[in-house]
Amino acid sequence: MGGMITLRYYFDFISPYSYLGWPQVRALAQRCGVQLRPVPVLFAALLDAYGHKGPAEIEPKRIYTFKHVLRLAHDLGVPLRPPPAHPFKPLLALRVASLPQSDEQRAQVIDLLFRRTWDEGVGVTDAEALARALEELGLPGARMVQEAEREPSKQRVRAQTEEALARGVFGVPTVVVEETGELFWGQDAMPHVERYLRGE
């Protein structure tokens, strides 16, 4: 593939698989010399669009998913401490991660939000706690949280979710190669993304 390739990484903080996929997709983009565009989307809206239930809504699947995620985290050498409640409302976190900001800052913010959700286990639903955590990074946390509650921020996440659906995204995380529309679902698909980028 000629020219600069862009990978779109569709994710939701509610998804532990999105958390496990995030460091992998970043490392992959760096290794392959491609651009990475993280796109926060509302997983619940994807499920609704296709008439699916989420894993957390099916009790045996919920139990299995948490065990599976713990096993995967162990294999990947990634810490995993689930949030205080699951499922939870991820909208505030999705909107904060979608605010207009530099690529570098967005990656920093996504790191923080994933860390608070799946590593520190403190969650991302409390606006004040989230503002403080952003401020510890040297960011204008209170202003960002305020901005995230406004209509343009709500609309931005809705538009990103609709755009994901238009590209055929049905779950998270999903990587889409922007130039070809090729779609890879799940954090375990990263090796396939890499082989695809190599033309295999």
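This is a predicted model: local features need pLDDT of at least 70, side-chain atom pairs count only at pLDDT 80 or more; totals for chains, interfaces and linings use all residues.
Entry on Ser18. I placed Ser18 in helix α1, which covers residues 16-32; helices (H or I, at least four residues) and strands (E, at least two) are DSSP runs numbered from the N terminus. Not counting residues up to four places away in sequence, I found Ser18 touching Tyr9, Phe11, Asp12, Phe114, Val172 and Pro173, where contact means heavy atoms within 4.5 Å.

Entry on the whole chain. I listed 9 helices and 4 strands, and along the sequence I read the pattern β-α-β-α-α-α-α-α-α-α-β-β-α. The radius of gyration is 16 Å, close to the 16 Å that the globule rule gives for 200 residues, so the chain is as compact as a globular protein of that length; the radius is taken over C-alpha atoms, and the rule is 2.2 Å times the number of residues to the power 0.38. Along its principal axes, the C-alpha trace spans about 50 × 40 × 35 Å. I noted that buried residues make up 48% of the 200 residues, and that, among contacts between residues at least 6 apart in sequence, 71% join residues at least 24 apart.

Entry on the core. Which residues touch the most other members of the largest nonpolar core? Of its 62 residues, these are Leu7, Phe13, Val96, Leu113 and Leu134, a nonpolar core being a set of buried Ala, Val, Leu, Ile, Met, Phe, Trp, Tyr and Cys residues joined through side-chain atoms within 4.5 Å. In soluble globular proteins, nonpolar side chains tend to be buried together. I then followed Leu7, which, leaving aside neighbours within four places in sequence, is in contact with residues including Leu28, Val34, Leu36, Val175, Val177, Val193 and Leu197.

Entry on the cis bonds. I found that the peptide bond from His86 to Pro87 is cis, with omega near 0 degrees, and that Pro87 lies in the loop between α3 (59-76) and α4 (91-98). A cis peptide bond also joins Val172 and Pro173, with omega about -5 degrees, and Pro173 lies in the loop between α8 (151-166) and β3 (174-177). I recalled here that Val172 and Pro173 are both among the residues that Ser18 touches.

Entry on Arg81. Where is the place of Arg81? I found Arg81 in the loop between α3 and α4, and at 45% relative accessibility Arg81 counts as partly exposed. Leaving aside neighbours within four places in sequence, Arg81 is in contact with Thr117, Trp118, Asp119, Glu120 and Gly121. I looked up Asp119 in particular, which is 38 residues from Arg81 in sequence and 4.9 Å away in space, C-alpha to C-alpha.

Entry on three further positions. I found Asp48 in helix α2 (residues 43-50), where Asp48 counts as exposed at 62% relative accessibility; the C-alpha atoms of Asp48 and Phe170, 122 residues apart along the chain, are separated by 9.9 Å. Ser102 sits in the loop between α4 and α5 (103-119) and is partly exposed, with a relative accessible area of 43%, while Ser102 and Thr125 are 23 residues apart in sequence and 24 Å apart in space, C-alpha to C-alpha. Glu136 is found in helix α6 (residues 127-136) and is exposed, with a relative accessible area of 71%; from C-alpha to C-alpha, Glu136 and Arg116 are 13 Å apart in space and 20 residues apart in sequence.

Key. Residues are numbered from 1 along each chain as its sequence is written. Side-chain values use heavy atoms; hydrogens and water are left out. Buried means under 20% relative accessible area, exposed over 50%, partly exposed in between (1.4 Å probe, protein chains only).
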